[in-house]
Amino acid sequence: MERTLPDHMVPAALAVIAEVPLTTNGKVDREALPQPEFGTSATGRTPRGATEELLCGLFAEELGVNAVGADEDFFRLGGHSLLAARLVGRIRSATGHQLGIRALFQAPTVAELALLLTDQHGHRGPLENDDFRTVLPLRSSGEGPALFCVHPGGGLAWCYSALLAHIAPGHPIHGVQARGITGSGELPASIEEMATEYVEQLREVQPAGPCHLLGWSFGGLVAHAMAVLLQEQGEEVPLLCVLDYYPGDVGAVPEEDGPEPVAGTGDALAAISEALGVDETAPDAADRVAALGLTEPQLDAMVRVFENNYELARNFTPKPFRGSALFVTAALDRGDEPPSAAEAWGPYVDGAIEDVALDCTHHQLLAAGSAPAVAELVSRRLRDTP
């Protein structure tokens, strides 16, 4: 497999099943699929020294595997934002270092993270605990086109760590996060104000050149507004990808019994779950969120951001984007006849619209079962554009 597929398409684990479980509607029952077992590769280096040994143990426990090699990447082994936040909390407790989740994005292997912990001025730079900065590097290295991923309604962009294992390492990936998740400052008064601020911050990371944008849920609306603004400034936007958001419905995801708001319930669990890529409908969702160790002021700030974003979306009409766009729909939430992205977004996209439906729910788009498909759609666009 590794001889015939590009690196980002090689699965981190394979599972053999006797038959594919189906729902009553004849679709794949993803909840009934066995969880893949991620194991240490044959070339994994054993830990050297007390710090690496401690980190290897913590990595393995959080990933649910027997062992992790010192040079293996946490995210390529199946790590995601929820596990990353819990892992960082355990490392803080075990070592006394006040690192944040950004440290794991900077140094995703045991060896790299150990270097940061033992030498805060190692080759990757100082240990930084700025998890809530506007443009958060999820992967800062790479010579290919960078991808900027705009936060969903809760304001955090940690959820996009699910794409790290599946998009080729040559592409830097940055999360764009909301003002206000630190609990200080005024919140944006409009989508236009938000888009302007994000573009200014984006240009501090990438001063010139084409911009590639992706947004999930509410983030799709903001990514579209950023793309329009960049074009007004004379810049190119070769990739605009919107994950499961339709203008005018404020993120409502229809189900068989009627619409259920995704971006505007005002519920704390909904805000935090979406920002972290946690399925809020799961029985243990509240326990999983509580295990993150976020402070009460941080949680309150995320809810405040969530509710403000909902109100901004209610009163916003997009301007036309001149170019092609990719839209991904979570088909299981849309019934047997999902709305057409071409029809919904047609007035706001002056170009070809690629409409792809995935067999998952809104909250599963960046989960283990769907993230590889999303990443491949994005990777294809990144390969085909400057």
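What is the mean pLDDT of the chain, and what share of its residues reach 70 or more? The mean is 80, and 73% of the residues reach 70 or more; pLDDT is the predictor's confidence in each residue, from 0 to 100. This is a predicted model, in which local features need pLDDT of at least 70 and side-chain atom pairs count only at pLDDT 80 or more, while totals for chains, interfaces and linings use all residues. Residues are numbered from 1 along each chain as its sequence is written, and side-chain values use heavy atoms, with hydrogens and water left out.

**Colour by confidence.** Strand E4 has the highest confidence, at a mean of 98, and strand E9 (residues 258-261) the lowest, at 36. Helices (H or I, at least four residues) and strands (E, at least two) are DSSP runs, numbered from the N terminus. Next select residues 1-10, where pLDDT is below 50 and the model has 16 contacts beyond near neighbours in sequence; contact means heavy atoms within 4.5 Å. Residues 250-266 also stay under 50, with 43 contacts beyond four places in sequence.

**Select the sheet.** Seven strands form an open sheet in the order E3-E5-E4-E6-E7-E10-E11, with mixed pairing. Strand E3 (135-139) and strand E11 (353-358) stand at the edges with a single partner strand each, so one side of each lacks a neighbour in the sheet. Two strands pair if DSSP finds at least two bridges between them. On average, neighbouring strands here are turned by 20 degrees against each other, direction ignored; axes are lines fitted to C-alpha atoms, for helices over the stretch in contact, and angles run from 0 to 180 degrees between N-to-C directions.

**Select E7 (239-243).** Five of the five residues of E7 are buried, so the strand is largely enclosed by the rest of the structure. Buried means under 20% relative accessible area, exposed over 50%, and partly exposed in between (1.4 Å probe, protein chains only). Leu239, Cys241 and Leu243 lie on one side, Leu240 and Val242 on the other.

E6 runs parallel to E7 and is joined to it by five bridges; Leu213 stands opposite Leu240. On the E10 side, three bridges join the parallel pair, with Cys241 opposite Leu326. Leu326 also has Glu354 of E11 as a bridge partner. Six bridges join E10 (residues 325-330) to E11, again in parallel.

**Finish on H6.** Helix H6 (residues 218-232) lies across E4 (147-150), E6 (212-216) and E7, running at about 155 degrees to E6. E6, H6 and E7 make a right-handed β-α-β unit: with the strands pointing away from the viewer, the path from the first strand over the helix to the second runs clockwise.
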